[in-house]
Structures are given as C-alpha cells and as structure tokens.
Amino acid sequence: MPEVLLEYISAGGNRHPEASDWDRSPAGLLAFGADNNIAIWNPLASNHGGISSLLSGHTGLVNAVKFSSPPCAKDTLILSGSVDKTVRIWRKSVNQDSYVEIAKLEDHQSSVNCIAVLPNSDSFVTGSADGTVKYWKISIATGAETPAKPHEIAIQLIQSITLTPKFFPLSAALAPLDDSSVLLAVAGTKTIIQIYALKEDNFSLVATLTGHEGWIRSLAISKESKDGSGDLLLASASQDRYIRLWRIHQGQELPAASRAANDPALGVLGKSLSNKAHRFEANKQSYSVTFEALLLGHEDWIYTADWHRKENKLQLLSASADSSLAIWEADESSGIWICVARLGEISAQKGSTSATGSTGGFWAGHWSPQADVVVSLGRTGSWRLWRKEPSKDQWIQDFAATGHVKEVKGVTWSRNGSYLLSTSTDQTTRLYAQWVDGANQSWHEFSRPQIHGYDLNCIDTITDTQFISGADEKLLRVFDEPEAIADILSQLCGIKKNDELHLPDAANIPVLGLSNKAIEAVEDDEIPVFIGDARDAPDPASIIHKSTLKISRPPNEDHLARHMLWPETEKLYGHGYEISTVATNHDGKLIATSCRASSIDHAIIRIYETKEWREIKPPLKAHSLTVTGLEFSADSQYLLSVGRDRQWTIFERGSEGSTQYKMVHSNPKGHSRMILAASWAPVKAGRIFATAGRDKMVRIWKLTDGKVECAQTISAPAPVTAVAFLPRMHRAPSELCKDAIAFSYGLETGAITIIVLDVNDLALRHSMDIQANTLPSKVVNQLSWRPFDDGAFVGPEQLAAASDDASVRLYSVKDLF
C-alpha cells in the first residue's frame, strides 16, 4: 500500500503581535498563526527541517498563540485564539509527532486578540474584541488521576471582566504577587493600562496607569531578581513609539525613586514624566505601582516586548514597525536603561519603499530558551533569525522559515524537476529547492523571482531557466534565471548549471516600476555610474555587490526580498481582462493562455510561440465563460481546455512542427456544473485525460478512433478543484500484472486523494486519501507531480500542493504502484 509523508511545508506568519510564541522548555518549539492554521517550527533544529506541521481547526485568522505548562497536565499545551471567536487548546498527539485539538471554548462574542498564561499554574486569560477579558482554569475531570490524559482535562470559566471604559484588549500579562495572589495587566485600544488583583478567585480593578499617547500593543511582566523575590517589572510597548517600564513593589514604603527620568537622552521629556504612586491591596498585603523608565529609540510603532533573564540581568527585546529589534538592559552604575544591541534595518540601509525596499516593519520578536537566538516576523510573513556569536560578541543573521501570506494560486516544477515554483495573491513568486548539506537534506526558499504589484494567479515553466506568470493584469510576464541564482542552486543544491546560456548577473525593480530589470553586480569597492534618464536610475540601496550574491547557506529574508529577483525578459499582450490560466507545451516552444471572461469573445485561448514571442493567430474560440484549465499533451499533439461553462474542448495540432491548432472534440455538458481542472495522462498510456468539477466528480475520458468516451467516473465528497496525472506510466514487471497510471485530485475542503488505474480498461486499482493532519485546511488550487529528468526515476514520487490556506506542501509518495 502506498505511504505518503509530508516532506516540506512553506507558510508565512500572520501579521499580529500576539500570534506567535516560543516555548521556553528545552524542546524549544515556536508556534505561530499562519492564516487559519497554527504552524509548529523548531528554529534550533540541527536538520533545518523548517515547519514540521500545520494545526488546522480554526475557521478564521489566528490572532493569538501561547504555550502553557499547567501542573495538572504533564504536557505543554498550546492555546490559540482566532477571528472565529473561539479559543482552542492543543496537546501533543499520542505518537508525539504533532498536536491535536482537545478543547474548544466558544464563550467570546467577537475576535480573540490576546492570551496570557500564568507561569507554572493552571490559569490563563483571554481578551477579545467584545470588550471582555475572561479568566479560565484548567482542571482534571472528576475521577481522573494526575497528570491528566488528554480527554480528562476540563477548562472552566471562572470570571468574565467587562472592560470599562470600553476598549478592545490587545495584550495582557499575568504574574504572581505572592503565594495566593495574582496580578493581571490589560491594555489595548486606549492609552491606559488597567491593573487587576486576584481576590477570592475574582479579579478586581486596583489601578489605572496613564502616560502612553497611543494604543498599547504589548505587555510583558517579570520578577526583577533571579530568586523570584523582589519587585515585578512591567513593560508596556505602544504605538506612541515608546516603551514604559513600571515597578510593582510590595510594602507601605515606596521604592527608591527611579533615576531613569535623569537620563540625558530624554531631554525636556524627562521633566514631564509623572511618578505618581498607585497603591492597592491584595491578600492583606500593600503594593504600589510606580513609573520606572521610558525607553526611547524606536522610530515607529512598537509591537512586542519580551523579557529574558541573562546571568541575573534582565533584558528586554522589543520589535517595532521601524524594522528593527532592540535589546535593552539597565546600566549597572547609573540604573538608566540603554539599548545594548539593535538588529534589523538601520535607517541608512532602508532604501526606498519599493517592492524590495522597506520590509514593512517587524510584527513580533522572541527570545530562544537560552537567549542565544532571537527571531522576528516581518510584513512578508517570513521569519528573520539572528544567532549570538559569543567569540565576536555580535549577532549574525541566518535563514529561517518563510512562506506566502495569502492564497497560493499556482505551483509548478522546473522542466527537469530540480526546483519548485509557487505564485500567490500576496503578489510574490517563490522558488524552493533542496539544500544538500553533507548527509542532511532540507527544502528551503532559495529565490523570490517576482515581487509584483498585482495579485498573481497562474504560473508555468518554459525551460529550466525560464518561467511565465499571469496576474490580475492584461499581460503575461516572462522571467529568466540570473547568473547569481544559477550559481547558488548549483553550489548548494547540486542543480546543474547550463554554462552555454549568457545570463544576467541579477535583477532589481526601479522605483515606481513593475518590471524587474537585469543589472550587473559590482565589485565591493566599485562605485556604479548611471547614464541616461534619471527616472530609470536604480535605487542606490538596490545596487548589488558580487560578495552579497555569494552565500554558503540558504538565503535569509533580507537576501530574498532584495537580491533574489529574476529579470523580466518579455511581456505577452492581447487579453482584455485579468489572466486566469497559462500552460506551456513540453518542449517550451508554445504557450497557451486565457483570461477571465463572461462572453465567447473574451473566453478565447491565445497561443504564443517562444522564439519570437509572437501570438499565433487566430485565437482559439470554444468557451463562453472563463477558461479554468489548459494543458498540452506530452507530445504537444493536443491542447485540452476546460471552463466555467461546463464544457471541455480538445484542439489538435495541424501537422508535425505546426503551430496551428483547431478544435476536434468538444463536450458542452462534460460535467453538470463548472469544470475547474484538467490533466493529460502520459502519452504511452494512450490518449487519456481527466476533468474535475464542482459537481463533485472526476471523469476519466479516452480518445480512440476519433471518438471520446467517458471510461471512468470517480465521486468525491466535495467539489474537485485540482487534478494532476503522474507524468510517467508504471510498466508492469511481469505479464501477471497490468500497466498502471496514477493521478491525484484535490477538493474544496483541502482533502487530497491519489488514484491508481489499470491502463487497459481504466479500472480502479486502488485509491488512497492523504492523512488528514497533513492536509491543507482550505481549497486545493493546484497539484503538480515532480518530473524526473530524461525519464530517470529516482526514489519516491513527489507531489506539490498549493492551497488557499497560504501553504505550499510537498508530499513524498512511496510504493505508489
């Protein structure tokens, strides 16, 4: 029986400051919201495996993720909150390879935006856009023994706090005041921080802290001393570009006045800082909250603040929309808080706000369990990672997890199967390849060939070094691989480079431009001189030095966003509306395309030849609505098209070497509802093709003696949105067996099924559904089997899937036949 393994997942993180958390336990897993899934990634894994799994269950964008280690459960749990108004609890599955959902809390009336966990306890709070904060306890179901099994954990709502004056909580923090009392801090879409103290299992408001002038995006709280005694320090990060530190002190006596206001960097601001003491009682003990320090240095909104203790010294990590991370600590002699390290984009390097310029800010920052690594999440949904080099006492950037942040519409392999391309409505095209690092092999994003201004809809490869993509515009664009990328793929992935091709060094996007221009890389000490129209001059920040393009590890996000573009070499015009589909024939000499349409005049198929890049006229007319799928047979003899008008059509080439196609077969009622995908079987199996539609059917058709007959119909539980035949036929090893062909189809629900058919009578040999916990959670938009160069077959088959859940997944299929 076939065995399917999920080999690689690519997914970008959600742009929400609360949507990620790095577990401080030795396992060191980082969980983050990726569309409506939760991605699990170990940034410190020695095998560089990237995202290990995506947890699906939420039906809306995931806004909040937190790890919790309650004493009543032996495992670390993941708590997640979403736009779908639910909080879900996840724990490790029995075989420990992933997490499973064990509880769903539906008490909130609106989007859940933040979660806070009380360390080493069974308590947590959730904050929602319904203007409430809810206090929960995890307990063991009656009669169960400690530690609890998964189904024996019960979650109890203890209290619901309605925030007054009403605001939406964006962050919360919990900390123990003493053995029996707990402090809760809540902040959000007002300039105040509310402090609550726990009295007899109920929180009551005891203080309101003022001073910030913008929304407060993050709260972090920590004990000042290592042994757990002493004061609590609360950090609040705000959209007013400042971080405020607050001291929570036990006793009637106020703490020694902070000297932070004397910081000369504050200037006049220091004189206006209020140091009012807020006094309250909890569990018969007196406490005070006083302003401690103002941290300034960021130039834009601050999204997150995160404490970590290093050798008895507290350090604070802040992430800001100015595209920088800052590490702060108190100076031992003066007590003034200073920035000891700054990572990310420093002002001089920012460049323009073109597609490859500004990174759009950092939305989250986290410490690793040992504080020797920090990560941040940027606008592009990709993580950046810095490692501390103790010998040099500096932070070095390394590669990290990357992925699309919106629906992935297309996925295709290079002609020889050496790399994978995906394209998305996040306006990027990405290239993935397998890094061969000694004995270890791992998949990574190696290039971002296209960063566009329109949502991208479709993609196909023309040759091993050239691809074409279509977007929400009326033209298609052709891209050529630059020399730098060919060198990187050759050195790191063992992909053979074609030395006969004269490739440009690299590419960039001119300011205000949409087309990637080929450029020459310059020596490190060379100053480039530009002659010509000043409007076409490259952005000085985008000039690429040759040393930048020489890397020994997969590229990091800064490289991908700036230096890994492919130059655009051709544009194909002719369509009147947004491009919907594109297909290239097997030898890369012909391209068939179509656009969105509501009439027969626009639902035409245009064919272009790739030698002179001219359209072959007349265009092919057959459909009356948008063409949803195009595919050439492997020998280019036939072109198959399917559309929203429920019909499929076959066009035949006139003669050997001809570029003219004419319609020979058509079925206006091929399916009872719109047809969404089609695929040809290998030529050796005969003229066989599959069509898949919204009527929950996959139909297998056979063309013989000038007639087309439906030879097999496979029912699916939901509309079928993608179908792809394996490009090779399985030859039976003996006369006792029959030759076989295989195909896969994907559903609107995200399910993927693999089918094996006997070639002779197209009878179903076996079908297999891919395991549910590895499937996409939304529509499967395209499936693509990996071709092997020159028909050489090596190892398991590989299937790539593109989905609306913003993920690209690569499956390995063993023993298919």
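**Ground rules.** I number residues from 1 along each chain as its sequence is written, and side-chain values use heavy atoms, with hydrogens and water left out. Since I'm on a predicted model, local features need pLDDT of at least 70 and side-chain atom pairs count only at pLDDT 80 or more, while totals for chains, interfaces and linings use all residues.

I looked for cavities (on a 1 Å grid over the protein atoms alone, sets of points where a 1.4 Å probe fits but cannot get out; lining residues have an atom within 4 Å of a point). I got three of 30 Å³ or more, a volume being the space filled by probe spheres set on the points, which are joined across faces, edges and corners.

What volume does the second largest cavity have? I noted about 40 Å³. I607, I616, P618, L620, T659, Q660 and Y661 line this cavity, and strand β44 (residues 614-620) gives the most, with three residues.

Next I checked the second largest pocket (an open set of points with protein on both sides within 12 Å along at least five of seven lines). Its volume is about 1,400 Å³. Of its 44 lining residues, R24, V117, P119, I221 and D306 are the closest to the centre.

My search of the whole structure gave 37 salt bridges (a side-chain nitrogen of Lys or Arg within 4 Å of a carboxyl oxygen of Asp or Glu). K137 and D201 meet in one at 3.6 Å, N to O. K137 is in strand β12 (residues 132-140) and D201 in the loop between β16 (193-199) and β17 (202-209), 64 residues apart.

D472 and R596 also pair up, at 3.2 Å, N to O. Both sit in loops, so this bridge ties together parts 124 residues apart in sequence.

Are E473 and R477 buried or exposed? For E473 and R477 the closest N and O atoms are 2.8 Å apart. I have E473 as buried at 8% relative accessibility and R477 as buried at 4% (buried is under 20% relative accessible area, exposed over 50%, partly exposed in between; 1.4 Å probe, protein chains only).

Last, I found D426, R430, E445, R448 and E557 linked in a network of salt bridges.

Definitions and conventions:
Helices (H or I, at least four residues) and strands (E, at least two) are DSSP runs, numbered from the N terminus.
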